[in-house]
Amino acid sequence: MNKLALYFRLVRGHKPIGILLLLWPTLWALWMASNGHPDPIILLIFIVGTALMRSSGCAINDYADRDFDRHVKRTVDRPLTSGRIKGWEALMVAAVLAIVSFLLILPLNTLTKQLSVVAVIVAGSYPYFKRFFALPQAYLGIAFGFGIPMAFAAVQDHVPAVAWWLLVANVFWSLAYDTEYAMVDRDDDLIIGIRTSAITFGRYDVAAIMVCYAATLGIDLVCGWSLGLRWWFVAGIAVAAGMAVYHYTLIRGRDRMKCFAAFNHNNWLGAAVFAGVALDYALG
């Protein structure tokens, strides 16, 4: 492979699921903050910025985990771990993407810029939380959901309480889907000493995931209702709840590939919630 192809794989360009899991909550927030009519420029900035920051985060994650990934079957062939690129190259890619992402938000207000600094710190420190924090997936939920308060800040120039509650909902959602993801690597993670929610929850992992799904959708429902969203939104939540039940049928046997399939299917759960929000504003 040439260098660009390796960098593309470093930032998971061939696996866009991570970008989508960041993008859906950001879109929920943009629609809610603007009463269903987001400014096209702000919308474009957040879509592109989300993709860039997710990509930057992947490069930082691989740099932090470069000595661990060689012991995990799923990650042993990553470009940095396999030695096809150097550590400084991963840091360079991460820095360039983060800088471009920050340049994108320069037209936005000061509060949004200030929150973006917090978002970068949280995203950059996440890989190291796996060294000592029993539920690093919760911290990931903050990193993945920080587009929510930033979206409200960009549209309203302040962050209302509902935005922080939506961030809490995203923490629970991240705990749900990333525990499914962590169940795939649990055996390897136990050997190398990485902390994950799949290990912390132990034999209660499936039950914990379903509780997290319930908390996510329950908080989302209350937040949307408080903003005046009604039956189309409720329908979207109901569809998402049905998908969560489907995930239960996949993960209850703890089969690695089925757990990975459940993780990937969360893209559609996030899309269902967004469809409910968008349709309610458009047709409600």
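Does Leu-106 count as buried, partly exposed or exposed, and at what relative accessibility? Leu-106 counts as partly exposed, at 41% relative accessibility. Buried means under 20% relative accessible area, exposed over 50%, and partly exposed in between (1.4 Å probe, protein chains only).

This is a predicted model, in which local features need pLDDT of at least 70, side-chain atom pairs count only at pLDDT 80 or more, and totals for chains, interfaces and linings use all residues. Residues are numbered from 1 along each chain as its sequence is written, and side-chain values use heavy atoms, with hydrogens and water left out.

Leu-106 sits in the loop between H4 and H5. Helices are DSSP runs of H or I with at least four residues, strands are runs of E with at least two, and both are numbered from the N terminus. Helix H4 (87-104) and helix H5 (110-129) each give at least two residues. H4 has the largest share, 3 residues.

Now the cysteines. The structure holds 0 disulfides, a disulfide being two cysteine sulfur atoms within 2.5 Å. Cys-212 lies too far for a bond, because its closest cysteine sulfur, in Cys-259, is 15 Å away. Cys-212 is buried at 6% relative accessibility.
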